[in-house]
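Please keep the viewer open as you read.

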Amino acid sequence: MRFGLDYAAGRPGGATIRAAGYDFVVRYLSEGGPSLPGKLLTAAEANDLRTHGISIVSNWETTAARMLDGYGAGIVDARAALAQVLRCGGRVDRPIYFSADFDASQQDQLRINAYLDGVATVLGRANVGIYGGYWTVSRALDAGYATWAWQTDAWSGANVETRRAIHQTLRQVTVGGVRCDVNEAETTDFGQWDFVGREDPDVTPEQEEVLRDIQIQLRGPELSGWPQLGADADGRNRTLVDGLAAALERITALERESAELRTQVGELRTEISELEATTAELTEQVQRWNGRHWPWPLSLIEGPAALVGEQLARLETLLPDLPGLPGPDCGPRRAPGGDGGPAALTSKD
């Protein structure tokens, strides 16, 4: 099964659509006016889509109930639609889906079928497609007015038209800033321009189911990612591949942080070793000084005090040789040859 988008509010671009996991689009062939600036498929957009491997399917819708205008409106619209297809590089042998974008009644179906009859005069019955709810597309297929069906879940209830080629779900996603409807292609040929033949599929229905299951496992339900794996920078749920990439990136970051931490631990160990060596040296020196030096903080003045003491001792040895100064015995004495007067006294009590 292939997954695709239809949109009208803008043009997401082929690369963005492909990156989001979708590989086909259903594009409008009519103008949308100021309110829907991206509705009309342009030649430049078609080239961009093809460049990125996005298949294109054609749709025509001007107003929701345009098909009620009947046969003549079908001729006019089919001519305009085919001209736009060719202008954008499409083919004349591919279907165009015309929209009944409302809950059509059985009475409305008569005019819808007449509209499709007018379309067939331009495109050929084999290339007439219809978009709508279950009853609208089923009645058109049953009566032979349409060959291709693009069924929307709107106005369908739980009914499934088994002949539908494309299924428009009620799910919407934002791709490249544009709100889009999500579609599923339920046949190999669903009207895409780049289909090259109508050969039987290479896989059986059972194999197709297995492939679909694998795709869902990789990309999540409806290719919307797995909530369990968290969201990416754009807020989208990660696919299995995205989750694995994020995990590997985190592992790389942890390894880098671990290497930085190991470097820091190594540097810390070196600093601790140096600190231990310094502490050992200080301890040895303290032990060497123990008992011979003043305790801290008196040790801070031990050096200056010793120097002062040495100078005082030296001065004291010089005192007896200086006349008129007290001697070491602190007693009075006369100067040599003196008369014992006051000037001759030294230090006698």
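A search of the whole structure finds 5 aromatic pairs, where rings of Phe, Tyr and Trp (its six-membered ring) pair if their centres lie within 6.5 Å, with planes under 30 degrees apart counted as stacked, over 60 as edge-to-face and the rest as tilted. One of them joins Y97 and W150 edge-to-face, at 6.1 Å centre to centre and 75° between the planes. Y97 belongs to strand β4 (residues 96-99) and W150 to strand β6 (residues 148-152), so this pair ties together parts that are 53 residues apart in sequence. Strands here are DSSP runs of E with at least two residues, and helices are runs of H or I with at least four, numbered from the N terminus. Y97 is buried, at 0% relative accessible area, and W150 is buried too, at 2%; buried means under 20%, exposed over 50% and partly exposed in between (1.4 Å probe, protein chains only). Ring pairs also bring Y131 into a cluster with Y97 and W150.

The model is predicted: local features need pLDDT of at least 70, side-chain atom pairs count only at pLDDT 80 or more, and totals for chains, interfaces and linings use all residues. Residues are numbered from 1 along each chain as its sequence is written, and side-chain values use heavy atoms, leaving out hydrogens and water. The protein chain has a mean pLDDT (the predictor's confidence in each residue, from 0 to 100) of 84, and 79% of its residues reach 70 or more.

Now turn to R87, found in helix α3 (residues 71-87). R87 is exposed, with a relative accessible area of 54%.
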